[in-house]
Amino acid sequence: MAGRVTNVESSSPVAGVQWELRLSYNGTALQNAGFSESNLKIAYLNPATGNWTQVDTIVDSTNRTAYASSNHFSSWTLIATLAPPPSPIIVSAGGGGGGG
C-alpha cells in the first residue's frame with residue numbers, strides 16, 4: 001500500500017449512485033520507496049476475499065492525485081507495485097548449417 005486507508009460508508013442505503021474517488025499522494029516519498037506513479041492503482045478491500053482489488057485508475061502526476069469511479073462502499077487505498085524487471089536477453093550463437 002502506498003498510503004492511508006479511506007473508508008467510504010453511508011448511514012442510509014444508497015442504490016444506483018456512481019461517484020469519483022480522489023486520493024492524493026506524495027510523489028517524492030513514492031519515488032524514494034522505489035515506485036513509479038505509472039504503477040499506482042486505487043484498490044478496495046473485498047470483504048468476501050479479504051484481498052485488495054484494483055480498479056481502473058487515472059493518475060494525474062501534475063496534481064499528485066489518483067482518480068477512480070465507484071458505485072459501492074468499501075475501504076479504499078492506493079497501491080503501488082514495482083515495475084517488473086527487464087527480461088533477460090538471450091543471445092544464441094549461430095550454429096553451422098546442416099544437411100546434406
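Two strands count as paired if DSSP finds at least two bridges between them. Strands here are DSSP runs of E of at least two residues, numbered from the N terminus.

This is a predicted model, in which local features need pLDDT of at least 70, side-chain atom pairs count only at pLDDT 80 or more, and totals for chains, interfaces and linings use all residues. Residues are numbered from 1 along each chain as its sequence is written, and side-chain values use heavy atoms, with hydrogens and water left out.

**Colour by confidence**

Start with pLDDT, the predictor's confidence in each residue, from 0 to 100. The protein chain averages 79, and 72% of the residues score at least 70. Strand 1 (residues 6-8) has the lowest confidence, with a mean of 62, while strand 5 has the highest, at 95.

Strand 2 (residues 19-24) and strand 6 (residues 65-70) run antiparallel and are joined by 6 bridges.

**Select threonine 57**

Threonine 57 is in the loop between strand 4 (52-54) and strand 5. Is this residue, threonine 57, buried or exposed? Its relative accessibility is 16%, so threonine 57 counts as buried; the cut-offs are under 20% relative accessible area for buried, over 50% for exposed, and partly exposed in between (1.4 Å probe, protein chains only).

Show its polar contacts (pairs of N or O atoms within 3.5 Å; within protein, one must be able to donate a hydrogen and the other to accept it, and residues adjacent in sequence count only if both atoms are side-chain atoms). The side chain of threonine 57 reaches the backbone nitrogen of isoleucine 42 at 2.9 Å. A polar atom of the threonine 57 side chain also lies 2.8 Å from the backbone oxygen of valine 55.

Contact means heavy atoms within 4.5 Å. Not counting residues up to four places away in sequence, threonine 57 touches Leu40, Lys41, Ile42, Ala66 and Tyr67.

**Select the largest nonpolar core**

A nonpolar core is a set of buried Ala, Val, Leu, Ile, Met, Phe, Trp, Tyr and Cys residues joined through side-chain atoms within 4.5 Å. The largest has 14 residues, of which Ile42, Val55, Trp76 and Leu78 touch the most other members. Strand 2, strand 3 (40-45), strand 6 and strand 7 (74-80) are the elements that give two or more residues to this core.

Centre on valine 55: leaving aside neighbours within four places in sequence, valine 55 is in contact with Lys41, Ile42, Tyr44, Ala68 and Trp76.

**Select tyrosine 44 and tryptophan 76**

Rings of Phe, Tyr and Trp (its six-membered ring) pair if their centres lie within 6.5 Å; planes under 30 degrees apart count as stacked, over 60 as edge-to-face and the rest as tilted. The count by this rule is 1 aromatic pair. The ring centres of tyrosine 44 and tryptophan 76 are 5.3 Å apart with planes at 55°, so this pair is tilted. The two residues are 32 apart, with tyrosine 44 in strand 3 and tryptophan 76 in strand 7. Tyrosine 44 is buried at 17% relative accessibility, and tryptophan 76 is buried at 1%.

**Finish at histidine 72**

Histidine 72 lies in the loop between strand 6 and strand 7 and is partly exposed at 27% relative accessibility. Leaving aside neighbours within four places in sequence, histidine 72 is in contact with Trp19 and Tyr44. The C-alpha atoms of histidine 72 and tyrosine 44 are separated by 9.8 Å.

Definitions and conventions. Helix = DSSP H or I, 4+ residues; strand = E, 2+ residues; numbered from the N terminus.
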